[in-house]
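This briefing looks at aromatic packing, a helix and its surroundings, and backbone angles. Please keep the sequence and the 3D view open while reading.

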Amino acid sequence: MLGNLGPIIFQVTDKKILTFFDLNFTLTPRIATHEPLMAKPKSEFIGPGQLEFTFSMDLNINQEISPRKQCDELIELAQKGEVLPFFMGEKPFGNFLIVGLGGAYKTIDNRGGIWNGTVQITLKE
(Lines give C-alpha, C1' and ligand atoms only; values in the text may rest on other atoms or scores of the structure.)
Protein backbone atom coordinates (compact mmCIF):
# COMPACT_ATOMS: atom_id res chain seq x y z
CA MET A 1 0.00 0.00 0.00
CA LEU A 2 1.37 3.37 -1.03
CA GLY A 3 -1.00 5.23 1.26
CA ASN A 4 -4.62 6.18 1.60
CA LEU A 5 -7.07 9.02 1.81
CA GLY A 6 -9.82 7.71 4.05
CA PRO A 7 -11.39 4.75 2.22
CA ILE A 8 -9.39 5.35 -0.98
CA ILE A 9 -6.31 3.11 -1.01
CA PHE A 10 -3.38 4.09 -3.22
CA GLN A 11 -1.79 0.90 -4.52
CA VAL A 12 0.07 -0.78 -7.36
CA THR A 13 -0.51 -4.47 -8.06
CA ASP A 14 -0.11 -6.58 -11.18
CA LYS A 15 -3.72 -5.67 -12.15
CA LYS A 16 -4.66 -2.48 -10.32
CA ILE A 17 -2.93 0.90 -10.30
CA LEU A 18 -4.25 3.81 -8.26
CA THR A 19 -1.64 6.40 -7.37
CA PHE A 20 -1.31 10.15 -7.19
CA PHE A 21 1.19 12.55 -8.74
CA ASP A 22 2.17 16.22 -8.49
CA LEU A 23 1.76 16.20 -4.70
CA ASN A 24 2.21 19.78 -3.52
CA PHE A 25 1.76 21.31 -0.10
CA THR A 26 1.24 24.81 1.26
CA LEU A 27 1.50 26.03 4.81
CA THR A 28 1.02 29.67 5.72
CA PRO A 29 1.39 30.60 9.39
CA ARG A 30 -1.13 33.10 10.71
CA ILE A 31 0.47 36.53 10.83
CA ALA A 32 -1.11 39.77 12.03
CA THR A 33 0.10 43.13 10.77
CA HIS A 34 0.01 46.11 13.13
CA GLU A 35 -0.09 49.55 11.52
CA PRO A 36 1.45 52.07 13.95
CA LEU A 37 1.09 55.75 13.07
CA MET A 38 4.15 57.18 11.29
CA ALA A 39 6.13 53.93 11.51
CA LYS A 40 6.64 50.81 9.46
CA PRO A 41 4.04 48.08 9.87
CA LYS A 42 5.03 45.30 12.27
CA SER A 43 4.27 41.63 11.73
CA GLU A 44 3.41 39.31 14.58
CA PHE A 45 3.07 35.53 14.58
CA ILE A 46 -0.34 34.69 16.03
CA GLY A 47 -0.44 30.93 15.45
CA PRO A 48 0.14 28.03 13.12
CA GLY A 49 -1.64 27.82 9.80
CA GLN A 50 -3.47 24.96 8.16
CA LEU A 51 -1.64 22.50 5.96
CA GLU A 52 -3.02 22.16 2.44
CA PHE A 53 -2.19 19.44 -0.10
CA THR A 54 -3.01 19.29 -3.79
CA PHE A 55 -2.44 16.31 -6.06
CA SER A 56 -3.74 14.66 -9.21
CA MET A 57 -4.81 11.11 -9.98
CA ASP A 58 -5.07 9.34 -13.34
CA LEU A 59 -8.02 6.98 -13.53
CA ASN A 60 -7.98 4.30 -16.21
CA ILE A 61 -10.40 1.42 -16.74
CA ASN A 62 -7.48 -0.68 -18.11
CA GLN A 63 -5.85 -0.45 -14.65
CA GLU A 64 -8.90 -1.95 -12.93
CA ILE A 65 -10.14 1.49 -11.82
CA SER A 66 -13.58 2.70 -12.82
CA PRO A 67 -13.11 6.44 -13.43
CA ARG A 68 -16.85 7.05 -12.93
CA LYS A 69 -17.08 5.13 -9.63
CA GLN A 70 -13.88 6.68 -8.28
CA CYS A 71 -15.05 10.21 -9.12
CA ASP A 72 -18.49 9.52 -7.65
CA GLU A 73 -16.84 8.34 -4.41
CA LEU A 74 -14.66 11.47 -4.22
CA ILE A 75 -17.65 13.72 -4.92
CA GLU A 76 -19.65 12.02 -2.19
CA LEU A 77 -16.80 12.38 0.34
CA ALA A 78 -16.43 16.08 -0.55
CA GLN A 79 -20.17 16.80 -0.45
CA LYS A 80 -20.56 15.14 2.96
CA GLY A 81 -17.62 17.10 4.39
CA GLU A 82 -16.07 13.92 5.75
CA VAL A 83 -12.80 14.27 7.65
CA LEU A 84 -10.35 11.84 6.06
CA PRO A 85 -7.04 10.54 7.39
CA PHE A 86 -4.27 11.02 4.80
CA PHE A 87 -1.33 8.61 4.88
CA MET A 88 1.70 8.14 2.66
CA GLY A 89 3.03 4.67 3.38
CA GLU A 90 2.49 4.33 7.10
CA LYS A 91 3.23 7.99 7.84
CA PRO A 92 0.11 9.97 8.77
CA PHE A 93 -0.10 13.55 7.53
CA GLY A 94 -3.22 14.22 9.57
CA ASN A 95 -6.95 14.54 9.03
CA PHE A 96 -8.18 16.51 6.05
CA LEU A 97 -11.29 17.74 4.26
CA ILE A 98 -11.62 17.74 0.49
CA VAL A 99 -11.98 21.48 -0.20
CA GLY A 100 -11.49 21.33 -3.95
CA LEU A 101 -12.21 18.70 -6.58
CA GLY A 102 -11.99 18.95 -10.34
CA GLY A 103 -11.20 16.76 -13.28
CA ALA A 104 -11.86 15.63 -16.80
CA TYR A 105 -13.20 12.50 -18.45
CA LYS A 106 -10.82 12.05 -21.37
CA THR A 107 -12.08 9.00 -23.28
CA ILE A 108 -15.75 8.07 -23.53
CA ASP A 109 -16.89 5.14 -25.70
CA ASN A 110 -19.94 4.97 -27.97
CA ARG A 111 -22.10 3.60 -25.11
CA GLY A 112 -21.21 6.36 -22.66
CA GLY A 113 -18.62 4.31 -20.80
CA ILE A 114 -15.77 6.34 -19.35
CA TRP A 115 -12.38 4.75 -20.10
CA ASN A 116 -10.03 7.24 -18.49
CA GLY A 117 -9.84 10.58 -16.80
CA THR A 118 -7.88 12.75 -14.43
CA VAL A 119 -8.96 14.25 -11.12
CA GLN A 120 -7.32 17.03 -9.10
CA ILE A 121 -7.88 17.11 -5.35
CA THR A 122 -7.23 19.82 -2.78
CA LEU A 123 -7.15 18.84 0.91
CA LYS A 124 -7.10 21.13 3.93
CA GLU A 125 -6.56 20.36 7.61
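Predicted model: local features only at pLDDT ≥ 70, side-chain atom pairs only at ≥ 80, totals over all residues.

A residue is called buried when its relative accessible area is under 20%, and exposed when that area is over 50%. By that cut-off Phe55, at 2% relative accessibility, counts as buried.

**Aromatic rings**

- The structure contains 11 aromatic pairs, and one of them joins Phe55 and Phe86 in a stacked arrangement, with 5.8 Å centre to centre and 10° between the planes.
- This pair links distant parts of the chain, since Phe55 belongs to strand β7 (residues 51–60) and Phe86 to strand β8 (residues 84–88), 31 residues apart.
- Phe86 also counts as buried, because its relative accessibility is 0%, as does Phe55 at 2%.
- One aromatic cluster is formed by Phe10, Phe20, Phe25, Phe53, Phe55, Phe86, Phe93 and Phe96.

**Nonpolar core**

- The largest nonpolar core has 21 residues, of which Phe10, Phe55, Met57, Phe86, Ile121 and Leu123 touch the most other members.
- At least two residues of this core come from each of β2, β7, α1, β8, β9 and β10, and β7 gives the most, with five residues.
- Phe10, which is part of the aromatic cluster, has contacts that include Phe20, Phe55, Met57 and Phe86, when residues up to four places away in sequence are not counted.

**Helix α1**

- Helix α1 has 14 residues and reaches 20 Å from its first C-alpha to its last, which is close to the 20 Å expected at 1.5 Å a residue.
- Which residues of α1 are buried? They are Pro67, Gln70, Cys71, Leu74 and Leu77, and because they cover an arc of only 125° around the axis, they lie on the same side of α1.
- The exposed residues Lys69, Gln79 and Lys80 are carried by the face of α1 that is turned away from its buried side.
- The cover over the buried residues of α1 includes β2 (8–12), β3 (17–18), β7, β8, β9 (91–108) and β10 (114–124).
- Gln70, a residue of helix α1, counts as buried because its relative accessibility is 9%.
- Leaving aside residues up to four places away in sequence, Gln70 touches Ile8, Leu18, Met57, Leu59 and Ile65.

**Residues with positive phi**

- Asp22 is found in strand β4 (residues 21–27) and has a positive phi of about 55° although it is not a glycine.
- Is Asp22 buried or exposed? Asp22 counts as exposed, because its relative accessibility is 52%.
- Glu64, in the loop between β7 and α1 (67–80), is likewise a residue other than glycine with a positive phi, near 65°.
- Glu64 is exposed, with a relative accessible area of 54%.
- Gly81, which follows α1, has a positive phi near 70°.

Notes: Residues numbered from 1 in each chain as written. Heavy atoms only, no water. Phe/Tyr/Trp six-rings, centres within 6.5 Å; stacked < 30°, edge-to-face > 60°. Helix = DSSP H or I, 4+ residues; strand = E, 2+ residues; numbered from the N terminus. Buried < 20%, exposed > 50% of the residue type's maximum accessible area, 1.4 Å probe, protein only. Expected span 1.5 Å × (residues − 1). Arc of directions from axis to C-beta. Contact = heavy atoms within 4.5 Å. Core = buried A, V, L, I, M, F, W, Y, C linked by side-chain atoms within 4.5 Å.
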